[in-house]
Amino acid sequence: MLSILEIIEDTTADGPGLRTAIYCAGCINRCPGCHNPESWDISNGKRVSTDEILKIILADPFADVTFSGGDPMYQPEGFTELAAAIKANSTKNIWCYTGYTFEEILKNPQQKQLLQHIDVLVDGRFIESQKDESLYFRGSSNQRLIDVQASLAQNKTIIYKYEPKANIHT
């Protein structure tokens, strides 16, 4: 069971393309300027089984998946179970937003398990003084887009290179 605030289908705000975004409850970071402070308290969420969430995700064959919050790393066991089921039943890519850095997650055995199923990690706390609205898919310039599988394979942090598709007018 996961504590979930909301599931938003067909969003384009939390990663490239259409996505099903799972907004969880629970975050200890309490970043000043956080866009979602109601997510800090885990009791603000509704208890939802991973099977229920998986059915919603798999019902849309075109949308990839984003874990956000709150902080999914605050509920690593449940999100690991969900991510593993997504990967076992689809070819969807999974993005995960967290206030932890990639390097911090590698030191936590429960959180590190989730990384095995994540394609892109948006890491680091939101820092209001480094807010930059020109950045793709992150709020402050300290946050990084990490290519998780390449990073794990090469045993070093590899930045994911997002390149928006250009509008082509004929």
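Student: In which loop does Gly70 lie?
Tutor: This is a predicted model. The peptide bond from Gly69 to Gly70 is cis, with omega near 25 degrees. As for its place, Gly70 sits in the loop between E4 and H2.

Student: Which residue of E7 is the bridge partner of Val122?
Tutor: E6 covers residues 120-123 and runs antiparallel to E7. Four bridges join these two strands. In E7, Val122 has as its bridge partner Leu145.

Student: Are Leu121 and Asp123 of E6 buried or exposed?
Tutor: E6 is covered on both faces. Val120 and Val122 lie on one side, Leu121 and Asp123 on the other. For these four residues the state is buried.

Student: Which element gives the largest share of the largest nonpolar core?
Tutor: This core has 26 residues, and Phe67, Phe79, Leu82 and Leu121 touch the most other members. Elements giving two or more residues to the core include strand E1 (2-11), strand E4 (64-68) and helix H2 (76-89). The largest share is four residues, and it comes from H2.

Student: With which residues is Phe79 in contact, leaving aside its neighbours within four places in sequence?
Tutor: Phe79 is among the core residues that touch the most other members. Its number falls within H2 (76-89). Its contacts are Leu2, Ile4, Ile22, Cys24, Phe67, Pro72 and Leu114.

Student: How many residues are in the second, separate core?
Tutor: Its members include Val120, Val122, Phe137 and Leu145. Val122 and Leu145 are also bridge partners. The number of residues in this core is six.

Student: Is Phe137 buried or exposed?
Tutor: Phe137 belongs to the loop between E6 and E7. It has a positive phi of about 60 degrees although it is not a glycine. Its relative accessibility is 14%, so Phe137 counts as buried.

Student: What is the relative accessible area of Arg30?
Tutor: Arg30 is found in the loop between E2 and E3. Here too phi is positive, about 45 degrees, although Arg30 is not a glycine. Arg30 counts as partly exposed because its relative accessible area is 46%.

Student: Which residues does Asn142 touch, not counting those up to four places away in sequence?
Tutor: Asn142 is placed in the loop between E6 and E7. Its C-alpha atom is separated by 6.8 Å from that of Gly124, 18 residues apart along the chain. The residues touched are Gly124, Arg125, Ile127 and Gln130.

Student: What length has the polar contact that joins the side chains of Asn142 and Ser140?
Tutor: Asn142 is partly exposed, because its relative accessibility is 26%. A polar atom of its side chain lies 2.8 Å from the backbone oxygen of Arg125. The polar contact with the side chain of Ser140 is 2.5 Å.

Student: Why is the sulfur of Cys31 too far for a bond to the closest cysteine sulfur?
Tutor: A disulfide needs two cysteine sulfur atoms within 2.5 Å. Cys31 is buried, with a relative accessible area of 12%. The closest cysteine sulfur is in Cys27, and it is too far for a bond because the separation is 6.1 Å.

Student: How many disulfides does the structure hold?
Tutor: Cys96 is buried, with a relative accessible area of 0%. Its sulfur is 7.9 Å from the closest cysteine sulfur, in Cys24, and therefore too far for a bond. For the structure, the number of disulfides is zero.

Conventions. Residues numbered from 1 in each chain as written. Predicted model: local features only at pLDDT ≥ 70, side-chain atom pairs only at ≥ 80, totals over all residues. Heavy atoms only, no water. Core = buried A, V, L, I, M, F, W, Y, C linked by side-chain atoms within 4.5 Å. Buried < 20%, exposed > 50% of the residue type's maximum accessible area, 1.4 Å probe, protein only. Contact = heavy atoms within 4.5 Å. Pairing = 2+ DSSP bridges. Polar contact = N/O pair within 3.5 Å; in protein donor to acceptor, adjacent residues only side chain to side chain.
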